Structure formats: C-alpha cells, structure tokens
Amino acid sequence: MRMTRRGFCAGLALLPLARPAVAQTMPLLTAQEAMVQLAPDTYPATPVWSYDGAVPGPVIRAAQGDRLERRLVNDLNVPTSIHWHGIRIDNAMDGVAGLTQDPVPPGHSFDYAFDLPDAGTYWYHAHTNSMEQVARGLSGALIVEETTPPDVDRDEVLMIDDWLIDPDTGRFADGFAAPMTLSHGGRIGNLVGVNGRYDYSLSARQNERLRLRLINSANARIFGLRLEGLRGWAVALDGMPLAEPGPVTDTLVLAPAQRIDLIVDVTAEEGAAAGLLFAAADDTWRALAEITVAGRSATASRDMPAPLPPNPRMEVGSPETARLRDMPLQGGAMRGLERARFRGRVTAWQELVRNGRFWALAGQVGLGETPFATLSRGETARIRMTNDTIFPHAMHLHGMHFRTRNEDGALGPLRDTVLVMPNETTEIAFVAHNPGKWLLHCHMLGHAASGMTNWIMVS
Ligand code: C2O
Ligand code: CU
C-alpha cells in the first residue's frame, strides 16, 4: 500500500515537470564551436564551426511532403544563416544573408520552417561568408525520403569533403580570402574525407544492395570518383530522379554542391577490396570510402534497379520560343577582365583586384541592385553561360531545378548545379515557378565571394 502510494505520488510530481519542456519548441540546430578529429589520430584535433558539435552536422531526414522546422541558434562569434541547398523552398527561408534575410547575430536565433515538395538528396550549409563558414565545417545532409523507397538493403549518406589543415596544429589553414586562392581554382584541401573522417569505412555483405547518397560539400574540389568491387547505377542527380538508371561504367564527376544517388550491388567477395575511389592529384586512384566485405547475403544478385518515382511539376515549358539571356563567366587569373559593374559603377580590373574581386557574371561583380533577369512567374527561362575563364565553375541556381539544353534542343537531366568547363558554353532552361529573389552563383565558394554571384527575380 505504501509503495503504491509513493509510486503514484512520484508519478504525479514528474508529470508537470516533463511536459512543458518539450512542448512548443522547434527542434534546434545550433551553430557552435567544437573540437573534431578530422585528421588521423597522430595529429591534433581541429577546432571547427559546427552544427550541433559535429562535422558534418546531423543528417536531417524527413518524408516527402513534410514540413521541416529548425531553429538555428547562433552560438558562434560571427553572424550566420542556413541555406537549404536544392530545396524548392519558400524564398524567405532560403537563408541568403543580404538577399533573403539578415544574418543571424551571435547569441540570436532564426526559425526556418518550410515544406519539402520533392524527395531526394539535398544538403544544408551556411550562407553568410560561406567561403569561410562552410570550410570550417558548417554543412550537413538533408534527406527527403520517397513515399515508396527503392528496394535496397541500406541507405547510406556519404558527405564528401576536403579540408585545408595545418598538420602541426590541427587548425584550419588561414587565408580563406587569399587573392591567390580566390583568383585561381579556390580553396583545395590537403585532407580528403567522408562524413568527417579521412578513413571512413562501412561494412557490407556480398550481394547486398546499397543506396549511396554522394554529396560534395567541398569548397572547390571537383571529385573524380570510381567504384571498386561494386556494380552500380546512378538513379538521381542533385536530388532529382533520372528517368532511367544509368550504369556506372566510368569515372563519375562530382563538382562542389552536386549530388549523385547510386544504387550499388556489392560484387566483391569477402576480404576483397570494395568501395569508392577518388582521383588524387598525382593521377592515382585512392580509397575515399572503403567497404569491408564480411560474409555473403542470402539474396542472389539482382536486376537493374527501377527508376525512382519522379518529383512533381518539373516541366521546362517550351524553351524553343523562350527568350535567351547571355551570361558570360569572366575574370580570374591569366584572363582577367577589362571592366565590370561593381558596387553600382563600372570599375576597372586593377581596382577590382585591389578590392579582392576577381570574377564577373554578365559584367556584374557580386550582388548588384538590379537582378541579372526579371522573370514573370511561370515563364520559361533560358540562360546561356559561356565560360571565358581558364577555370571550371560549378554554377548553382537557388530555388528551382533546371535542365541543360544543347544546340539541337536536347534536354539534360534536372540539376541545381552544373559544371561549366573552360571555354565551354552551357545553356540551362527552367520554368520560373518559384517567386522571389534567387541567387545564381559559382559554388566554388571563393569564386562566389570574389565576384561570381548574381541573382534573378521571379515575380
Ligand atoms: Cu549551396 Cu548559394 O548555395
Ligand atoms: Cu567558379
């Protein structure tokens, strides 16, 4: 009797305490400093800027059609904001400091809440001084799951990154804004890794079928990737399902911010080498993520996977009759440019260089007052990007996916980031269905910071 009574009283006492604490609060995502062991254990740990203390930040998983809510709490000493890369998002939630919101000052917070219309592999990252903040660790994966997921044994996120670290101190090398870095290929790391580990590995059994979601969160490195001991198909690019799975027979190219979803079957036998390889600077193929094959799955090897279900409303209208807008990509080391609009006036190259600006998009250096294009809602847009520089650029459009279009009018797969090689011309086409102010910029983040950022208006 006494025991029952005590138990009952204890229960009563706990209830009012436990309930209000969880009610009414958005899940938090805290930008904070942390120490993370990115380099091998024999080197010091690295002081990072992180989401929730980890690099990369937590994998956020949600279902297609869900509403995602996160309160960004800024515990850093610098202002910050979050961009949800690849999501067809409400413009006010796009996270671009200076265009769609004010940066969140230290000690303050900002509530992000938006719908997730499309399934796929996306990511989130800082969009305030992103060239430094992303390099210091502020990024994570955002996975939107299909209502009917594909038939795989496991679903693995591989966030591929590189870091420029001083091996003696473990600290990130300074010089985020070094002119040499900005005007050339950008900040390339001396350590390559997956999910915050230089030696990332996972184990699998022979004949297992895995979905690998590859995300390139590096500042500037273009990864060449190959499969070893795996038979694979690409099933989605930049989150968007391919109409037909494409067998992986050769090198996959993954530019900064791009994603590839692979479905792979483990063909290697127990003990044999398997995993993801990357092309190192010396032209050798090195392990990026190792798959240790332990045992054999009961399933026999399977047929080619079915395509993922397409996302809704992805038409590009009729580009044939749409107005074509030209966007030359100019500047950088070796080529430079004569003059461009900067802070509202035509400015000569020497003065741009003195201001740490090296690149222009359509003659505009960085965000101007007026957008590159003003589109009416529902209009089909065509933008022809011509790379007049000697460097590749990973061009990213916020808020809407596009298709590349060749001279014959043939359309490529849906993407949000396209790699434009030197002297190459790439035309993109999309329907401007999402109202607001949308960035169009190079995702080599040092390029973006030193001029390669423009924007379009959809109203
Ligand atoms: Cu992934 Cu403007 O960014
Ligand atoms: Cu670039």
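The following questions and answers go through a predicted model of a protein chain and the terms used for it.

Trainee: What should I know about the numbering and the thresholds?
Mentor: Residues are numbered from 1 along each chain as its sequence is written, and chains are lettered from A and ligands numbered from 1 in the order in which they are written. Because this is a predicted model, local features need pLDDT of at least 70 and side-chain atom pairs count only at pLDDT 80 or more, while totals for chains, interfaces and linings use all residues.

Trainee: How do you know how confident the predictor is in the protein chain?
Mentor: By pLDDT, the predictor's confidence in each residue, from 0 to 100. The protein chain averages 93, and 95% of the residues score at least 70. The model also has an ipTM of 0.98 and a pTM of 0.94.

Trainee: Where does pLDDT stay under 50?
Mentor: Over residues 1–23, which have zero contacts beyond four places in sequence. A contact here means that two C-beta atoms, placed from the backbone, lie within 7 Å.

Trainee: What makes the radius of gyration of the protein chain agree with that of a compact globule?
Mentor: The radius is taken over C-alpha atoms, and the globule rule is 2.2 Å times the number of residues to the power 0.38. For 459 residues the rule gives a value near 23 Å, and the protein chain has 23 Å, so the two agree. The C-alpha atoms fill a box of roughly 90 × 55 × 50 Å along the principal axes. Of the contacts with a separation of 6 or more, 76% are between residues 24 or more positions apart.

Trainee: How many helices and strands are there in the protein chain?
Mentor: Five helices and 33 strands. Both are DSSP runs numbered from the N terminus: helices are H or I with at least four residues, strands are E with at least two.

Trainee: Why is Arg71 called partly exposed?
Mentor: A residue is buried if 20 or more other C-beta atoms lie within 10 Å of its own, exposed if 12 or fewer, and partly exposed in between, with C-beta atoms placed from the backbone. Arg71 has 15, so it is partly exposed. Across the 459 residues of the protein chain, 45% count as buried.

Trainee: Which residues does Arg71 touch?
Mentor: Not counting residues up to four places away in sequence, Arg71 touches Met26, Leu28, Leu29, Ser109 and Asp111. Arg71 and Leu29 are 42 residues apart in sequence, yet 5.8 Å apart from C-alpha to C-alpha.

Trainee: What is the order of the open sheet of five strands?
Mentor: The order is β11-β19-β18-β13-β16, with mixed pairing. Its edge strands are β11 (201–206) and β16 (252–254). Five bridges join β11 to β19 (residues 285–296), and these two run parallel. Ser203 has Thr292 in β19 as its bridge partner.

Notes: Pairing = 2+ DSSP bridges.
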